[in-house]
Amino acid sequence: MRKFLSFGVGGFIPLILAVALVIFVQKSGFFAQERKNQSPAGMPPLEVDVYKVPAPSSVPVKLTYPARIKSPQKVTVVARVSGVLKKMFFREGSYVREGQLLFLIEPDTYEAELRRAEANLSMAKAELEKAQRDWLRVKKSYEDKVVSEQAKDEALYAYEKAKANLQLAEANLKLAQINYNYTKVTATASGYTGMKLADVGSYVTPNTPLVTITVTDPVYVEFSLPDVDALAIKYGVSPKELTRLLKVKFVMDGGREYTGRLNFFDVNVDEKTLTVRARAELKNPENLLMPGQFVRVEVAGLYRKNAIFVPQQAVIQTPGGALVFIVENSRVFSRPVRLGELSNGYFVVERGLKPGDLVVINNLMKIKDGMPVKIAKYLEGSTR
């Protein structure tokens with residue numbers, strides 16, 4: 001009996017182990033199947049919201065480009081007469097208005113010339129009056145055959161000469177007045193002054209630079225667009241219509257927005273960048289925009305026809321390109337896409353999606369290819 005028991009125990013141990021192994025394998029297969037149908041750690045499928053891709057339609061697009069503000073006019077104020085620079089009436093870097101007094105060039109000499117020209121004009125007027133009376137008197141005497149023809153000609157010559165002398169005196173007075181006025185150097189445009197280019201006390205001559213003025217209202221905003229012909233083909237409009245259709249908005253770093261109008265398209269395409277220079281004019285009455293600043297230009301007024309679009313938050317940018325996650329048979333799968341313009345929070349999708357696709361729009365960092373998910377909410381594309 002002891003022998004039998006000894007044999008039996010030794011024989012049953014392998015049998016028990018074999019049965020346990022079979023049960024473990026069966027259970028393992030069952031658990032594997034259960035894990036296949038559940039999220040990691042036995043959790044239920046992750047809930048996601050999806051966007052149902054709508055049928056292709058016309059989509060308004062807004063193109064964004066970097067741009068720089070430029071002054072439409074930068075003038076250099078110069079001396080127009082010679083003399084010592086006596087006074088300066090502005091602060092460097094300040095805003096001045098057209099006609100505002102900036103400098104004074106010593107006026108004494110020019111004032112004296114003005115007074116002399118005024119006196120010469122008075123003399124010329126008096127001489128003309130005398131010559132006119134003489135001419136009228138001699139003319140009547142000639143008609144009465146009292147004086148000779150030579151006397152008549154001399155009287156007429158004196159009268160014509162007096163008229164010419166009066167015109168000369170008037171011109172000299174005007175020139176003297178201009179030179180005197182030039183001793184007061186005024187701003188030739190409204191804008192911000194630069195650093196002075198001549199010091200008070202220095203002797204200046206005509207065309208000596210004194211200061212520069214940069215016009216800041218309006219301002220120009222210059223940027224580059226893709227080839228205008230390519231734009232026209234892409235959006236189904238003629239190149240002529242682009243200038244009329246495009247609406248331009250400028251966004252500063254702080255979020256402040258300005259609206260302007262396009263006033264120039266270059267006729268030449270840059271061979272290196274395949275872009276066309278464009279320019280818009282922008283009112284700047286508060287002078288908050290300064291030349292040299294960078295802004296973002298938002299160009300609106302164009303439409304992509306027969307376009308498919310998805311919300312921006314659905315797109316993941318990777319080193320290999322953009323992709324989205326779509327739901328098929330209660331599982332998520334990544335799909336690469338080629339993107340077009342971004343407009344109002346939606347990307348135009350040029351390739352990779354079709355109408356009816358269910359694109360995941362949340363929990364993107366928690367999902368992986370093939371993971372089971374449960375759709376919590378649908379967002380229809382028609383709600384855009």
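Predicted model: local features only at pLDDT ≥ 70, side-chain atom pairs only at ≥ 80, totals over all residues.
**A chat about α3 and the sheets**

Visitor: What do the buried residues of α3 pack against?
Guide: They pack against α2 and β7. "Buried" means under 20% relative accessible area, "exposed" means over 50%, and "partly exposed" is in between, using a 1.4 Å probe and protein chains only. Contact means heavy atoms within 4.5 Å.

Visitor: OK, back to α3. Which residues in it are buried?
Guide: Among them are K152, A155, Y159, A162 and L166. Further along, the buried ones include L173, A176 and Y180.

Visitor: And how many residues does α3 have?
Guide: α3 has 34, and its first and last C-alpha atoms are 49 Å apart, close to the 50 Å expected at 1.5 Å a residue. That expected span is 1.5 Å times one less than the number of residues.

Visitor: You mentioned β7. Which sheet order is it part of?
Guide: An open sheet of four strands, ordered β7-β6-β4-β9 with antiparallel pairing. β7 (184–186) and β9 (203–204) are at the edges with a single partner strand each, so one side of each has no neighbour in the sheet. Two strands pair if DSSP finds at least two bridges between them.

Visitor: How many bridges for β6 and β7?
Guide: Three, in the antiparallel sense, with β6 covering residues 101–105. F103 has V185 in β7 as its bridge partner.

Visitor: What about the sheet with β3 in it?
Guide: That open sheet also has four strands, in the order β3-β10-β8-β5, with antiparallel pairing. Its edge strands, β3 (74–78) and β5 (95–96), each pair on one side only. Inside the order, β8 (residues 191–193) and β10 (residues 209–214) run antiparallel, joined by two bridges, and T193 faces I213 in β10.

Visitor: Switching topic: why is β14 largely enclosed?
Guide: Six of the eight residues of β14 (residues 275–282) are buried, so the rest of the structure largely encloses it. β11 (residues 219–226) runs antiparallel to β14 and is joined to it by eight bridges; P226 has T275 as its bridge partner there. β13 (residues 257–265) is also antiparallel to β14, through four bridges, with R261 opposite E281.

Visitor: Which residue takes a positive phi in the hairpin of β17 and β18?
Guide: N329, near 55 degrees, in a hairpin with two residues between the strands. β17 (residues 321–328) and β18 (residues 331–336) run antiparallel and share six bridges. L323 sits opposite P336 in β18.

Visitor: Last one: how many helices and strands does the protein have?
Guide: Five helices and 22 strands. Of its 384 residues, 35% are buried.

Conventions. Residues numbered from 1 in each chain as written. Heavy atoms only, no water.
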